[in-house]
Amino acid sequence: MSDRRIFVDYLARAEGEGAIDVVIGPNGEIKETRWKMFEPMRFFEAIGIGRRCEEIPEIAQRICGICPHPHHFSTVQAIERAMGVQLSEQTVLLRKLFLLGDVLQSNALHLYFLAAPDFVGYDSVIAMAANPELLPLVKKALELKRLGNDMSVLLGGHEIMFRSSVIGGFTKVPETSDLRKTKERLKAAKEFALETVNLAATLAAQPPYPEYTRKCEHVSLHSEDEYALYDGRLISTEGLDIPNWDYRHWIIEEHVPGCNCKHATIKGRDSFLVGPLARVNNNFRQLSADAQAAAFSVNFKVPEFNPFMSIVARAIEIVHAIDGAIEKIDQIGQTRQEEPRYQVQAGEGYAVTEAPRGICCHGVRVDKNGIVEMWDATAPTARNVRNAEKDLAEFVPRWLHLSDSELTLMCEMTLRNYDPCQSCATHAFKVNLRRA
Amino acid sequence: MAKPKVAFFKFSSCSGCQLSLLNLENYLLDILGAVEIPYFVMAQRTNLAGPYDIAFVEGSINTPRELEELKQIRKQSTKIIAFGTCANTGNVQSIKNFIGTQREMEERAGYTHFEDILSFPVKGIEHYIKVDGRILGCAPDLGEILEFLRCALLGINPAFLPHPVCNECKLKENVCLLLSKKQPCMGPVSAGGCGALCPSLNRQCEGCRGPAKDCNPAALARIFQYQLGLSREDIVRKFQKYAGETPEFRKGVEAVR
């Protein structure tokens, strides 16, 4: 008897290009579960060498169109650490506000546009919009996403690629009045954010999703004072607790043939998960009061090790992003124009920020003229690849009774749980399923 | 009248251009009402083969597989639009064309199984196929995408002007970064349409939309060199970033050679 093979040649509703290849032997044994990214490499770490350090945050955001901002802030921070740049309080607050807006926008995009169609049995959000019953929901989701985007435009000049953020600060800061208007819009969006938590919890509570728990190490940033997105220590559910700039010594990467993305493991241990589920598990106490209450109301208990619950974690984060952004706007108060100041000096720096899909790590070494000598970039999806393959290896044997098309959908959903961002990870998705 | 079939394809790039379409939240439902989208992998699971009326192609061509797929898309599509800077001029990944050998690049980026990696010099899609229209920008301006779609539906040419960023900067009454603040701004040679976004935010233009029509990069390179005192390396870096492969920006590099 020949093998049964599930092969998705180009994973849909995800950023970038990748394939899923699952091979099942004649007796139902799993021979292979691979997530092969065929997104071509663009060699960012190599093209950065010999550029001016000021260009790196600008080039880094071109790694990924869905999470350009964490790439930008990781590189900016790494370079600032390398050169010993002091920042104003306003700059740090504006950057944190930015990342909250990013979580709002990206989580809404993933939840409603990329993930929800799977759970409600539609091909895409386009098909959902054609249903008059779902149309109002789609409209509200679009509004929520627009709000996150408008925050990017206000703070950085553009939805995707930053313009005003540079080493040392911002070339132009937003007007106080515009921040106040944003605050009013955030307040108005709160109700729908809370509805989103209920909706996500209802979707994830449908059988069979609640059955699929797989315990693995969850890694995220953590700070005692606030929900860590911009800075903090790197911690895990298995006891990892290190300064974020030390990530290279603890997270081991290797190049695996057949996949354009390097695979990651924690030193001496196993693969791990990064993203909203890890963040909520590790930082539940730092969530806003309303976000915690929303989590309790839908019976979300930490630690939660069911990857299909990641959409609920995303929804909870949307509530927190709104509360957190309002708080940050209050803290910023009256904005004042500051000239970004720094002096070029030789040094090496590393930094980690939280992209909506997990930790985003960058390291840069510059020489005394500000020319880059080394650039180390690792995107969140690269952290998740091996873990996602292990999810498949564990779950597929339980799905053997399904038809090929159902099994393929479940395999795709397993990867979409990670909100993959494959352009970054290779610096891509197809599902291959083979069975006897 | 049947709705036009609009397809979205992606090659080596960041998906930011496709996301820009989804970022048109306020108009998205209207757009979906006016066109049929048979192919858009980032947004839907079921994707159909051609023929397509309009194909938006994002990304640069970086591998033999991509080149083969691009040729197939050309065969299946009536009109092809180069969507964004990668598809038009290669974008930042084209920097690799100017530095070191392929093998060095791979070693620098930390890959160990070289037999796995297929990659050739990065080019925009027009290097290989005929292109019927362009949307510039990294990432494209939402207003321009909307205008392009509107014109495409009406069957007319969009009135994208070939002027440089400077024109738009003057209309906004910004203080000139190049002449007044002596900053190395690429505005005089870079295609406008962005509304002089960066200079309006006190930041010099980096030329992310590629060269403007009839620009004079050699003169700008000499201004950078003699009036602003930039080093040769800095000037080369300026011209070899978003559109180093274009004949215009090559002239900027040659002027300081």
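1. The largest nonpolar core has 205 residues, and I79(A), V312(A), I316(A) and V57(B) touch the most other members. A nonpolar core here is a set of buried Ala, Val, Leu, Ile, Met, Phe, Trp, Tyr and Cys residues joined through C-beta atoms within 7 Å. Buried means that 20 or more other C-beta atoms lie within 10 Å of a residue's own; exposed means 12 or fewer, partly exposed in between, with C-beta atoms placed from the backbone. Helix α4 (residues 89–120) of chain A gives the largest share of this core, 15 residues. Domain 1 (5–154) and domain 2 (165–255) of chain B both contribute, so the core lies between them. Those domain bounds come from an automatic or database domain assignment.

2. On provenance: this is a predicted model, where local features need pLDDT of at least 70, side-chain atom pairs count only at pLDDT 80 or more, and totals for chains, interfaces and linings use all residues. Residues are numbered from 1 along each chain as its sequence is written, while chains are lettered from A and ligands numbered from 1 in the order in which they are written.

3. Leaving out residues up to four places away in sequence, V57(B) touches F9(B), I73(B), I80(B), I81(B), A82(B), F83(B), A87(B) and I125(B). Contact means C-beta atoms, placed from the backbone, within 7 Å.

4. In chain A, three strands make an open sheet, ordered β12-β13-β14, with antiparallel pairing. Its edge strands are β12 (347–355) and β14 (372–378), each pairing on one side only. Neighbouring strands are turned by 10° against each other on average, direction ignored. Strands (E, at least two residues) and helices (H or I, at least four) are DSSP runs, numbered from the N terminus. Pairing requires at least two DSSP bridges.

5. Nine bridges link β12(A) to β13 (residues 358–366) of chain A. Y350(A) has G363(A) in β13(A) as its bridge partner. Helix α3 (residues 68–83) of chain A lies across both strands, at about 155° to β12(A). Axes are lines fitted to C-alpha atoms, for helices over the stretch in contact; angles run from 0 to 180 degrees between N-to-C directions.

6. A second open sheet of chain A has four strands, β8-β7-β6-β11, in mixed pairing. Strands β7 (residues 233–236) and β8 of chain A run antiparallel, joined by three bridges. R233(A) is partnered by P243(A) in β8(A).

7. The contact takes 48 residues from chain A and 51 residues from chain B. On the side of chain A that touches chain B, α6(A) gives the most, four residues.

Key: Contact = placed C-beta atoms within 7 Å.
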